[in-house]
Amino acid sequence: MHLDGYSAKSGTFLPVWTLEIQTLPEDTDRILDEVMKVHPLSFGRYQRNASISAVGRETAQPEPGSTTTTHVAGFEAGNTETYPMVELKISIERDLAILEKVMDAILLVHHYEEPVIFLREDWASRAAYDPNSSNPNRWWNNGRGLPDRID
């Protein structure tokens, strides 16, 4: 299905690339800050949009000649290593020049020499919204307001 012509009262969809980057929890801001130097990560009327998963685990078995076997004293190739990780997701318009700049920014500051990054072709919603809407489900009308911020 192609969504180029999709238009509803509620809004539209735009073609985007979604990058899903596996990284250390403490490195997400560093990656986002570097990407922001080359792309605003816009979503509607907001910038620096990303999602960060809960902390999970990544696991691998480094081969001979990997940086792990090169830089970790006593590590034997083929042994399993497991570390904490999150999935950092961002989206950009489908433009190769932009993708190149964003990937260069990520690779510059990522802690791995071979980061796990997945690229997907997605469609992102763009709402036809009114910031003064009286819809009772909107955060400014629902009596609860915004959720507590995480700093």
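Helices and strands are DSSP runs, helices of at least four residues and strands of at least two, numbered from the N terminus. The legends below describe close-up views of a predicted model.

**View A. Arg 48 in the loop between α1 and β2.** Arg 48 is not a glycine, yet its phi is positive, at about 55 degrees. Most residues other than glycine have a negative phi. The relative accessible area of Arg 48 is 31%, so this residue is classed as partly exposed.

**View B. Leu 41 in the loop between α1 (28-36) and β2 (51-52).** Leu 41 has a positive phi of about 50 degrees and, like Arg 48 in View A, is not a glycine. Leu 41 counts as buried because its relative accessibility is 0%, and buried means under 20%.

**View C. Strand β1 (residues 11-23) alongside strand β5 (residues 117-127).** The two strands run antiparallel and are joined by 11 bridges. One of the residue pairs is Thr 12 with Arg 126, the latter being the bridge partner in β5.

**View D. Strand β1 alongside strand β4 (residues 81-93).** Eight bridges link β1 and β4, and the pairing is again in the antiparallel sense. Glu 20 has Lys 89 as its bridge partner in β4.

**View E. Strand β1 with both of its partners, β5 and β4.**

Terms used: Residues are numbered from 1 along each chain as its sequence is written. This is a predicted model: local features need pLDDT of at least 70, side-chain atom pairs count only at pLDDT 80 or more; totals for chains, interfaces and linings use all residues. Side-chain values use heavy atoms; hydrogens and water are left out. Two strands pair if DSSP finds at least two bridges between them. Buried means under 20% relative accessible area, exposed over 50%, partly exposed in between (1.4 Å probe, protein chains only).
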